[in-house]
2 protein chains.
Amino acid sequence: MNTDVLQKRIRLPELREKVTSPEAAAEYIKDGMKVGMSGFTLAGSVKSVPHAIVKRAATHPLKISVVTGASLGNDVDSAMANAGIMSKRAPFQTDRTLRNAINRGEVMYVDNHLSETGEQLRKQQVKKVDVAILEAVSITENGEIIPTASVGNNEIFAETADKVIIELNLSYPLEMEGAHDIYCATHFPTAVPINIMKPSDRAGSIGIRIPPEKIAAIVITDEMDTPSQNLPPDAETAQIAGHLIEFFKNEIKQGRLTESLRPLQAGIGTIANAVMSGLKTGPFKHLTMYSEVMQDSTFELIDAGMMDFAAATAITLSDQKSREVFGNFAKYKDHILLRPQRISNHPEVVQRLGLITINTALEVDIYGHVNSTHVMGTHMMNGIGGSGDFTHNAHTAIFVTKSVAKDGLISSIVPMVPHVDHTEHDVDILVTEVGLADLRGLAPRERAQAIINNCVQGEYKTMLQEYVAEANLRGGQTPHVLEKALSWHQRLYETGSMKDEVKLTQVA
Amino acid sequence: MNTDVLQKRIRLPELREKVTSPEAAAEYIKDGMKVGMSGFTLAGSVKSVPHAIVKRAATHPLKISVVTGASLGNDVDSAMANAGIMSKRAPFQTDRTLRNAINRGEVMYVDNHLSETGEQLRKQQVKKVDVAILEAVSITENGEIIPTASVGNNEIFAETADKVIIELNLSYPLEMEGAHDIYCATHFPTAVPINIMKPSDRAGSIGIRIPPEKIAAIVITDEMDTPSQNLPPDAETAQIAGHLIEFFKNEIKQGRLTESLRPLQAGIGTIANAVMSGLKTGPFKHLTMYSEVMQDSTFELIDAGMMDFAAATAITLSDQKSREVFGNFAKYKDHILLRPQRISNHPEVVQRLGLITINTALEVDIYGHVNSTHVMGTHMMNGIGGSGDFTHNAHTAIFVTKSVAKDGLISSIVPMVPHVDHTEHDVDILVTEVGLADLRGLAPRERAQAIINNCVQGEYKTMLQEYVAEANLRGGQTPHVLEKALSWHQRLYETGSMKDEVKLTQVA
């Protein structure tokens with residue numbers, strides 16, 4: 001390759017000798033190892049060496065445990081799942097092939113809170129990482145590794161692994177140097193406060209510092225991240241955003257918020273992204289973000305002059321937005337910081353900053369317990385991600401969902417969720433396209449009324465009212481008819497619909 | 001009363017004029033008000049004015065919303081519940097009469113995380129407190145209010161209420177001055193780190209500082225707190241403690257812990273107290289505690305020379321231990337600090353200190369989801385208390401429970417808990433008298449094997465193995481047979497037992 005490029009991208013001369021092929025790098029990965037890989041919600045994912053590992057597995061016995069930041073892109077998760085080389089995978093994924101392998105019980109999937117995966121490694125509470133494979137923009141003259149579009153757990157993998165393999169990705173602009181804030185939180189027993197009082201505060205260095213001799217191999221790549229496939233905002237996400245804007249306006253009026261709100265966190269995916277995008281129509285100024293991922297909506301708000309600063313651990317964009325942002329990186333560099341996920345999701349900082357958190361629920365029950373992960377209570381969709389990190393510690397914890405799915409065959413509001421990721425203790429506000437339920441300060445029986453009256457409509461509203469009436473006859477703080485509590489899901493399992501066809505027929 | 005005592009206990013002269021009768025003080029409480037009352041797990045509970053309020057309600061229409069630290073003692077909760085004067089109650093209670101009123105739906109009970117009740121008041125997200133009624137040991141020359149055996153939410157009630165009524169309790173030794181550390185966490189948007197790096201660090205003042213003119217009335221009392229009724233350790237709690245000691249010994253051997261472990265937190269009640277007491281037989285030194293409540297076991301460990309320091313928000317003791325501790329307070333004063341519950345349970349400090357948390361589960365499911373609160377998923381027992389605050393942020397989150405209840409008619413390990421307070425994401429270790437399941441780094445299917453193999457015995461073990469086998473046929477990350485998932489609870493509801501009598505008969 002071009003020597004000039006190599007000199008600019010690997011500025012510590014001795015490391016240039018480590019440049020090698022993906023196949024050669026893959027030989028460091030042995031059967032039974034635990035491998036840490038960079039990548040967070042498709043961003044900054046390793047792209048080359050894992051495919052070489054898969055190829056190698058065709059001729060060598062190879063089962064490995066893989067730990068990442070979050071979901072990998074560039075077909076890495078699906079290639080590894082297809083090849084059957086993963087015994088274990090943590091945390092978060094969004095890949096259909098891997099998901100199916102998980103749900104067949106072939107891959108043991110550990111669905112950590114994203115702030116905790118690295119921490120468990122540092123506490124030595126889980127098996128250590130043998131080899132880390134990390135994507136980088138460059139390596140500085142001091143040997144600092146500059147991550148790409150995500151930091152994730154990279155600094156902890158680099159710290160705790162025996163060997164580090166670098167995928168040096170030339171497709172990222174070198175101008176990304178300086179866009180990261182790598183603060184390694186101090187650890188028991190000498191932990192000290194994290195020095196972040198607002199999203200833009202710098203606490204660490206621009207790169208990951210490890211002894212250069214730990215770097216075993218460097219592989220050159222130039223593939224971009226897999227773009228996000230978020231659907232564009234639609235009528236219902238616009239309605240959800242509208243309800244939220246009204247809510248915020250009233251909070252401002254009541255003196256509980258200002259026009260800059262609080263630092264915002266928003267979950268990954270179509271709905272949360274569309275809702276954030278919808279905030280553009282609100283009367284807000286000087287917004288900030290402290291989140292795990294910047295999506296298209298983040299840059300739309302920055303471009304609209306409504307958002308001053310965004311800090312996260314990853315930048316996950318559509319193809320179009322990716323070209324805009326990475327093609328004009330200087331324009332955004334002063335408005336963003338990329339941090340380790342241990343810091344972007346850290347309970348201490350989330351509490352101190354007082355975030356407004358907006359996450360997507362798969363389904364919610366009448367008392368406000370949220371299922372974020374398990375279809376029918378059993379089959380993994382993606383994972384809890386950072387939603388627990390943020391929701392537990394939020395100033396105001398908001399969940400959004402469309403009130404129905406699959407053309408109305410599924411109600412997102414159910415009597416009892418068959419899997420709980422967020423308890424009623426942590427859920428402040430629920431918004432559907434129907435309306436908004438403000439659950440703050442309410443007891444469960446009051447929460448049920450607020451949710452059913454504000455967030456549900458049509459036959460499901462009637463069905464839930466009937467359920468509550470029957471449950472109340474049995475009494476309790478959180479009334480239920482146990483033998484009917486999961487009947488909606490059973491009906492869905494048996495008939496493909498939560499609708500009570502018998503009752504509908506009787507009515508008709 | 002004795003003028004000399006009054007001068008020692010109310011050292012700001014102008015406040016002595018505020019001394020009045022409970023009946024006169026009760027007149028400040030009007031229909032529809034929200035009243036903040038001191039009291040946390042029976043400790044430092046208001047004792048006099050609430051009974052005068054109840055008396056007054058016989059002749060005046062009176063419905064109030066009551067917010068506390070946690071459970072009140074001295075029959076206050078039962079008297080108010082019996083009189084039907086509470087429209088709403090938050091957070092935590094342990095009173096049978098109140099519990100029944102809650103479960104009949106007569107009292108709207110808001111079961112907050114204990115770190116959040118006061119925070120919601122400060123954020124103005126819930127109705128403000130009109131009048132605070134706070135127990136005190138004394139009021140200093142500077143007008144600082146010195147709390148008694150608990151701090152709870154007192155500093156926030158005092159700060160946010162329009163008026164404050166003091167119950168000056170002469171039964172507490174004046175030597176308690178200096179045993180409190182009243183740090184009022186700074187608030188959005190100017191929050192700064194909490195300056196606590198170890199349990200003994202002082203961050204605040206010895207008393208609560210409010211403008212003296214806010215104090216509307218002072219009532220003199222001399223009744224002690226209701227003693228705790230913890231049962232003594234038994235064979236099963238000793239076995240649980242034994243399993244934990246073995247676990248800790250191995251953690252020390254593996255280099256993950258030292259002989260001082262990490263600061264300990266333990267939940268209120270018989271089992272957690274007995275388990276803590278059982279740690280006396282372990283090879284530990286220089287233990288510390290950072291918890292919400294000091295129980296008999298705390299002082300046993302201090303007396304045994306094994307615990308150097310304990311910080312909490314309340315001291316809740318048996319009658320005997322209470323006489324020992326408050327009768328010899330000087331002996332313990334340098335070993336303890338009482339803090340606001342916002343600080344004792346604060347996510348930031350809990351994370352930084354890296355606590356080992358030990359809380360009691362009502363029941364646990366095979367995947368490690370914990371129900372701490374709801375009998376049969378519907379009827380409130382006590383409340384979540386601080387178990388969420390601590391478990392979310394622990395270094396190692398441990399839950400303890402006996403494997404069966406009611407002479408074996410109820411299994412504490414079930415296929416699916418009908419109410420979730422703590423999710424599998426947050427539960428590291430489960431211990432019953434049968435054994436210990438180390439769930440760290442395990443996927444749900446692995447968790448089920450660890451729990452069933454280590455924590456269950458007899459027919460329930462067989463029944464759970466059969467359930468898992470059937471569930472696995474349906475697949476999923478967290479396999480379940482939805483129509484049978486809550487069948488154990490339904491059987492209990494219908495027959496008074498979780499045992500599968502049909503199957504047992506067949507076997508016999």
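# Why these labels?

Modeller: In chain A, 2 bridges join strand β17 (residues 363-365) to β24(A), and the two run parallel. The model is predicted: local features need pLDDT of at least 70, side-chain atom pairs count only at pLDDT 80 or more, and totals for chains, interfaces and linings use all residues. Residues are numbered from 1 along each chain as its sequence is written, chains are lettered from A and ligands numbered from 1 in the order in which they are written, and side-chain values use heavy atoms, leaving out hydrogens and water.

Colleague: What makes β17 of chain A and β24(A) partners?

Modeller: There are 2 bridges between them. Two strands pair if DSSP finds at least two bridges (strands are DSSP runs of E, at least two residues; helices are runs of H or I, at least four; both are numbered from the N terminus). One bridge partner of V364(A) is I413(A), in β24(A).

Colleague: Which sheet has the order β18-β17-β24 in chain A?

Modeller: An open sheet of 3 strands, with mixed pairing.

Colleague: Why is one side of β18 and of β24 in chain A left without a neighbour in the sheet?

Modeller: β18 (370-371) and β24 (413-414) stand at the edges of the sheet in chain A. Each has a single partner strand, so one side of each has no neighbour there.

Colleague: What is the order of the 3 strands in the open sheet of chain B?

Modeller: β18-β17-β24, with mixed pairing. β18 (370-371) and β24 (413-414) of chain B are the edge strands, each with a single partner strand. Strand β17 (residues 363-365) of chain B has 2 bridges to β18(B), and this pairing is antiparallel. Here E363(B) has N371(B) as its bridge partner.

Colleague: Why is strand β16 of chain B called largely enclosed?

Modeller: β16 (residues 356-360) has 5 residues, and 4 of them are buried, so the rest of the structure largely encloses this strand. Buried means under 20% relative accessible area, exposed over 50%, and partly exposed in between (1.4 Å probe, protein chains only).

Colleague: Which strands pair with β16(B)?

Modeller: Strand β10 (residues 264-266) of chain B runs parallel to β16(B), with 3 bridges. L264(B) stands opposite I356(B). Strand β21 (residues 396-400) of chain B also pairs with β16(B) in the parallel sense, over 5 bridges. There, I356(B) stands opposite T396(B).

Colleague: How many aromatic pairs does a search of the whole structure find?

Modeller: 12, over all chains.

Colleague: Why is the pair of Y460(A) and W488(A) called tilted?

Modeller: Rings of Phe, Tyr and Trp (its six-membered ring) pair if their centres lie within 6.5 Å; planes under 30 degrees apart are stacked, over 60 edge-to-face, and the rest tilted. The centres of Y460(A) and W488(A) are 5.7 Å apart, so the rings pair, and their planes stand at 35 degrees, so the pair is tilted. Y460(A) is in helix α17 (residues 459-474) and W488(A) in helix α19 (residues 487-495), both of chain A and 28 residues apart.

Colleague: How do you know whether Y460(A) and W488(A) are buried or exposed?

Modeller: Y460(A) has 3% relative accessibility, so this residue counts as buried. W488(A) has 4%, so the label is buried again.

Colleague: What makes the pair of F248(B) and F284(B) edge-to-face?

Modeller: The centres are 5.9 Å apart and the planes stand at 85 degrees, so the pair is edge-to-face. F248(B) lies in helix α8 (residues 235-253) and F284(B) in the loop between α9 (270-278) and β11 (287-290) of chain B, so the pair ties together parts 36 residues apart in sequence. Both residues are buried.

Colleague: Is S322(A) buried or exposed, and how do you know?

Modeller: S322(A) has 12% relative accessibility, so this residue counts as buried. S322(A) sits in helix α11 (residues 319-327) of chain A. Not counting residues up to four places away in sequence, S322(A) touches M224(A), L317(A) and G327(A). Contact means heavy atoms within 4.5 Å.
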